[in-house]
Amino acid sequence: MHLTIFTDYTLRVLICLGVRQHEGRLTTISDIATAYGIPVDHLRKIVHHLAKQGYVETLRGIGGGMRLARAPEQINLGEVVRGSERDQAIVECFQPNKKETCSIVSVCALRGILEQAMHAFFDNLDHHTLATLLKPQNDLIRIFRGTRK
């Protein structure tokens with residue numbers, strides 16, 4: 001299974017917001033772009049997506065920014081990844097209307113094995129929340145402040 005950059009950055013945004021919120025701070029897209037070295041344009045799309053999904057709350061105006069809309073314990077990683085991965089077809093025959101393109105689909109054991117693997121992947125993610133990713137809190141705070149010790 002390969003996650004897209006969109007999903008990778010989505011998870012990174014949530015981590016950064018979780019750390020900053022723990023410190024009682026709002027975060028801007030520029031803050032996140034600087035922390036990770038990610039282009040602002042990518043982050044705008046991701047933040048918009050996260051806000052539409054109900055994970056992020058944005059506040060406009062002077063002193064504005066964004067914060068988590070839910071507690072980290074309520075943000076399930078499996079749900080986040082499913083919501084940000086548009087195409088979860090790890091092989092062509094998983095795509096709707098593409099089964100016919102493979103001549104062995106009716107007897108293929110690989111499809112079943114890959115399907116089980118994909119379910120195991122998401123099952124593992126379903127057992128974790130953003131809170132899991134925030135456990136090395138003090139280390140994450142130091143990294144985001146630029147003081148790695």
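Where is the place of D87 relative to α4 and α5? D87 sits in the loop between α4 and α5, the latter covering 109-126. The views below all come from a predicted model, where local features need pLDDT of at least 70 and side-chain atom pairs count only at pLDDT 80 or more, while totals for chains, interfaces and linings use all residues. Residues are numbered from 1 along each chain as its sequence is written, and side-chain values use heavy atoms, with hydrogens and water left out.

**View 1. The whole chain, for orientation.**
The protein chain has seven helices and two strands, and from the N terminus on they follow the order α-α-α-β-β-α-α-α-α. Here, helices (H or I, at least four residues) and strands (E, at least two) are DSSP runs, numbered from the N terminus. Of its 149 residues, 34% count as buried; buried means under 20% relative accessible area, exposed means over 50%, and partly exposed is what lies in between (1.4 Å probe, protein chains only). Take the contacts between residues at least 6 apart in sequence: 65% of them join residues at least 24 apart. A contact, throughout, is heavy atoms within 4.5 Å.

D87 is partly exposed, at a relative accessible area of 45%.

**View 2. Helix α1 against helix α4.**
Helix α1 (residues 5-22) and helix α4 (residues 77-84) have axes that come within 9 Å and cross at roughly 140 degrees. Axes are lines fitted to C-alpha atoms, for helices over the stretch in contact, and angles run from 0 to 180 degrees between N-to-C directions. The pair is therefore oblique; the cut-offs are under 35 degrees for roughly parallel, over 145 for roughly antiparallel, 65 to 115 for roughly perpendicular, and oblique for the rest. The crossing of α1 past α4 is right-handed, a label used if the near helix is turned clockwise from the far one by less than a right angle (left-handed if anticlockwise). On the α1 side, F6, T7, T10, L11 and L14 make the contact, and α4 brings L77, V80, V81 and S84. Sorted by type, the contact residues are six nonpolar, three polar and no charged. For that sorting, Ala, Val, Leu, Ile, Met, Phe, Trp, Tyr, Cys and Pro count as nonpolar, Asp, Glu, Lys and Arg as charged, and the others, Gly among them, as polar.

**View 3. Zooming in on T7 of helix α1.**
Is T7 buried or exposed? T7 is buried, with a relative accessible area of 0%. Skip its neighbours within four places in sequence, and T7 is in contact with V81, S84 and E85.

**View 4. R82 in helix α4.**
R82 is partly exposed, its relative accessible area being 34%.

**View 5. Helix α1 against helix α3.**
The axes of α1 and helix α3 (residues 40-52) come within 10 Å, crossing at roughly 70 degrees. That makes the two roughly perpendicular. F6, Y9, T10, V13 and L14 of α1 meet H42, L43, K45, I46, V47, H49 and L50 of α3. The tally for this contact is eight nonpolar, three polar and one charged.

**View 6. Helix α1 against helix α7.**
With axes 10 Å apart, α1 and helix α7 (residues 137-145) pack at an angle of about 100 degrees. So α1 is roughly perpendicular to α7. I15, C16, V19, R20 and H22 come from α1, and Q137, L140, I141 and F144 from α7. This contact splits into six nonpolar, two polar and one charged.

**View 7. L133 in helix α6 (residues 130-133).**
At 30% relative accessibility, L133 counts as partly exposed. Which residues does L133 touch, not counting those up to four places away in sequence? They are I15, L77 and L140. L133 and I15 are 118 residues apart in sequence, but 6.8 Å apart C-alpha to C-alpha.

**View 8. Cysteines C16 and C108.**
C16 is buried at 0% relative accessibility, whereas C108 is partly exposed at 22%. With a disulfide taken as a pair of cysteine sulfur atoms within 2.5 Å, the count comes to zero.
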